[in-house]
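Take a moment with the sequence and the model before reading on.

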Amino acid sequence: MVARMVDLRSDTVTKPSDAMRAAMAAAEVDDDVLGADPTAQRFEAEMAATMGKEAALFVPSGTMSNLIAVLVHCDVRGSEVILGDSSHIHVYENGGISTIGGVHPKTVRNNPDGTMDIDEIVAAIRRTDGALSFLYPTTRLICLENTHANRGGKCLTVEYTDKVGEIAKNRGLKLHIDGARIFNASVALGVPVDRLVKAADSVSVCLSKGLGAPVGSVLLGSKAFIDKAKFLRKTLGGGMRQIGVLCAAAYVAVRDNVGKLADDHRKAKVLAEGLKKIKQLTVDSSSVETNMVFFDIVDSRISPDKLCQVLEKRNNVLAMPAGSKSVRFVLHYQISDSDIQYALTCVEKAVEEILTGGGKLEHVANGTTKTTMDTRSTLTPA
Ligand SMILES: Cc1ncc(COP(=O)(O)O)c(C=O)c1O
């Protein structure tokens, strides 16, 4: 019998569905570098229509998609991009925009809701007038992230996005949205996805996150933008041949799974409510807007690493530490309601095990507690 595993590390961990595998097997393919793969062409055209942009390009990853976008918009030496200090592009993409693209990042603080204050964005735009303007890099681009991963999957509203778009337009700048989880935002906000990204010059959408495709992202923008993006994709080694097999799976992912995102969000709330009842943890369940649950551990004897380690070793529940005191769980359509209940029971047990080392807490004279070790436990108490 296969042991039960509940994998809450990320929404990137889904396995392709039978329908995806069947579509991959049946996909009509040709060489996409030669511009001849019919399945890729159909998929890109459909994504462009869905997102309300002129053209689309299938790329291997969200990281490459964002990198290409920044490099296309900032194609003049000395360019600067304004982006959130907690944004995925800034924190988790190896600084590629600088190391590969020579683009200078200007960070603005991300608020707990994933926004950057409008006045801080405006203040970050470099002056092009004045005696000293020749000293500055040139602001060319603003990047937003929707949903914002490091802010617990928070959604940026259409009003906010439009406002930033207006600022960009008025200043002659471009707006890129890292929409790795833009469909989650669209569903949670009840705003059609094309409307949500209307103000953006380019958008990157991950297909292999909550949508469940095995590989790939799609970059969208004007036809001229995508023509340049295609060139850069090749430069970066992202020109792939018979990508119809991947696009076929991605097509099924979008067709079958956008409709399941609302349920992921509901399950995330259930999980948050359950975690709230465990006294060593705190979670603001009202802040759970999409498929991510971040919670803090308030008992200093339990570290996030330890909790994740015990969850994995004892119960096959996988999670990722998200900070010195926090852990994150990410939901996706292959996590059931029963998995959520199982995970909650396991968290409770893991907390107990860490505090007791598998044994009982004995109160000692000075008011502190001492652990009676269970020698069967392979883990040291925290
Ligand atoms: C918000 C966001 N943007 C971009 C990416 C990068 O995607 P990939 O892992 O496909 O490079 C991720 C991945 O987790 C992400 O969460």
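Which residues does Lys209 touch, not counting those up to four places away in sequence? They are Asp11, Thr12, Ala180 and Arg181. Keep in mind that this is a predicted model.

Why start with this lysine? An unreviewed UniProt entry places the feature "modified residue: N6-(pyridoxal phosphate)lysine" at Lys209. In the fold, Lys209 sits in the loop between β7 and β8. Is Lys209 buried or exposed? Its C-beta has 25 C-beta neighbours inside 10 Å, so Lys209 counts as buried.

Zoom in on one pair. Strand β3 (residues 79-84) runs parallel to strand β5 (residues 138-145), and 4 bridges link them. Within this pair, Glu80 has Thr139 of β5 as its bridge partner.

Next, the interior. In soluble globular proteins, nonpolar side chains tend to be buried together. Here the largest nonpolar core has 79 residues. Ile68, Ile142 and Ala249 touch the most other members. Helix α11 (residues 244-257) gives the largest share of this core, 9 residues.

Which contacts does Ile142 make, leaving aside neighbours within four places in sequence? Ile142 is in contact with Ile82, Ile121, Val164, Ala168, Leu173 and Leu175.

Finally, step back to the whole chain. The secondary structure comes to 14 helices and 15 strands. The radius of gyration is 23 Å, close to the 21 Å that the globule rule gives for 382 residues, so the chain is as compact as a globular protein of that length. Along the principal axes, the C-alpha atoms fill a box of roughly 70 × 60 × 35 Å. Buried residues make up 49% of the 382. Take the contacts between residues at least 6 apart in sequence: 69% of them join residues at least 24 apart.

Note on methods:
Residues are numbered from 1 along each chain as its sequence is written. This is a predicted model: local features need pLDDT of at least 70, side-chain atom pairs count only at pLDDT 80 or more; totals for chains, interfaces and linings use all residues. Helices (H or I, at least four residues) and strands (E, at least two) are DSSP runs, numbered from the N terminus. The radius of gyration is taken over C-alpha atoms; the globule rule is 2.2 Å times the number of residues to the power 0.38. A residue is buried if 20 or more other C-beta atoms lie within 10 Å of its own, exposed if 12 or fewer, and partly exposed in between; C-beta atoms are placed from the backbone. Two residues are in contact if their C-beta atoms, placed from the backbone, lie within 7 Å. A nonpolar core is a set of buried Ala, Val, Leu, Ile, Met, Phe, Trp, Tyr and Cys residues joined through C-beta atoms within 7 Å. Two strands pair if DSSP finds at least two bridges between them. UniProt positions are given in the numbering used here, feature names are shortened, and annotations may be inferred rather than shown by experiment.
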